[in-house]
Amino acid sequence: MYTISTEDFDLDYTLDCGQVFRWDKDVDWWTGVVNNAVARISQNPKTGELLVDSSLDEDFFYQYFRLDDDLPAIFEQINKDEHMDIAINKYRGLRLIRQEPWECLISYMLATASNIPRIKKNISMLSAMFGEELEDGLYSFPKAEDLASTCCDDLCECKMGFRTARIIKAANAVVTGDIVLDELFRLDYQDAKKELMSLEGIGEKVADCIVLFAFDKMEGFPVDTHVEKIVRTYYGDDPFFEGKATKTKIGNWGRHYFGKYCGYAQQYLFYQKRLEGLI
DNA sequence: GGGCCG
DNA sequence: GCCCA
């Protein structure tokens, strides 16, 4: 057990905002599986200090929770209007998480036409069937090899529907080296996205999520149905749109309007809508 | 624009 | 959401 002191970090917002699917809260403690290890974390509401029970060290969580991001500097960049001002003041401390590329890839492929409870269920079933048991009831996320070598019928137990075949294909692409995930760190935003979109089942939105959450591309601005509604409601008359604000136009607008940290802007708007609806 | 799997 | 018609 050890502590990590933090500033501008809210554990609840960060783990609850819908970017990660393997954490659950029980009273004051969040339990999750990350990097093949179990972690239990609670936050002192007064001091912001984290209490951590895990074999993973302080440096790991510093990276994982992006405590290296200068949040005040990021807010200064994205705080373009009263809507963002309200969101960042209300949910201050929400941070993006640096996810593991492989798990993030599969998680967001599963997110297609789904919802957070179901995505969580799918991933937990996937881990229980193909991962390693770390503690009773807690399993590591399966390796690409584990999923590539299974037959469709076994994977169907995980209730992933039409996503099943895509998951197997993606696992095979990773195992054969058809796509090398670590290489994507070296590519810029556009190229990394293009590479991901060569996989079946990955379009604009999913690719944006993956480059933003796993590959450090803060220009990712995923436009799902919620972000589309938010932007149309708050910013739909922006001259940039020249008419109807389509999803692709909204993505380009977000990158342009909020600048290089637009991924943070997207997450604050997204979380606010999930909790409050359109206001 | 409709089908896809729960 | 993605994909294909």
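**Close-up views of DNA contacts and a helix pair**

Of the atoms of DNA strand C that lie within 4 Å of the protein, 71% belong to sugar or phosphate and the rest to bases. The model is predicted, so that local features need pLDDT of at least 70 and side-chain atom pairs count only at pLDDT 80 or more, while totals for chains, interfaces and linings use all residues. Residues are numbered from 1 along each chain as its sequence is written, chains are lettered from A and ligands numbered from 1 in the order in which they are written, and side-chain values use heavy atoms, with hydrogens and water left out.

**View 1. Protein surface near DNA strand C.** Among the 14 residues around DNA strand C, those that come nearest are Thr112, Gly201, Gly203, Val206 and Asp224; a residue is near a strand if one of its heavy atoms lies within 4 Å of it. This surface divides into five nonpolar, four polar and five charged residues (Ala, Val, Leu, Ile, Met, Phe, Trp, Tyr, Cys and Pro count as nonpolar, Asp, Glu, Lys and Arg as charged, and the others, Gly among them, as polar). Helix α11 gives the most to it, with three residues; helices are DSSP runs (H or I, at least four residues), numbered from the N terminus.

**View 2. Backbone contacts to DNA strand C.** For Ala113, a backbone N or O atom lies 3.4 Å from a sugar or linking oxygen.

**View 3. Surroundings of DNA strand B.** Arg118, Gly161, Phe162 and Arg163 surround DNA strand B. Polar side-chain atoms of Arg118 and Arg163 lie 3.0 Å and 3.1 Å, respectively, from a base oxygen of DNA strand B. A backbone N or O atom of Phe162 lies 3.0 Å from a sugar or linking oxygen.

**View 4. Packing of helices α5 and α11.** The axes of α5 (residues 101-110) and α11 (residues 204-214), lines fitted to C-alpha atoms over the stretch in contact, come within 9 Å and cross at roughly 155°. The two helices are therefore roughly antiparallel to each other (angles over 145 degrees, on a scale from 0 to 180 between N-to-C directions). Pro101, Cys104, Leu105, Tyr108 and Met109 of α5 meet Lys205, Val206, Cys209, Ile210, Phe213 and Ala214 of α11, contact meaning heavy atoms within 4.5 Å. These residues divide into 10 nonpolar, no polar and one charged.

Methods:
Angles under 35 degrees count as roughly parallel, over 145 as roughly antiparallel, 65 to 115 as roughly perpendicular and the rest as oblique. A polar contact is a pair of N or O atoms within 3.5 Å; within protein, one must be able to donate a hydrogen and the other to accept it, and residues adjacent in sequence count only if both atoms are side-chain atoms.
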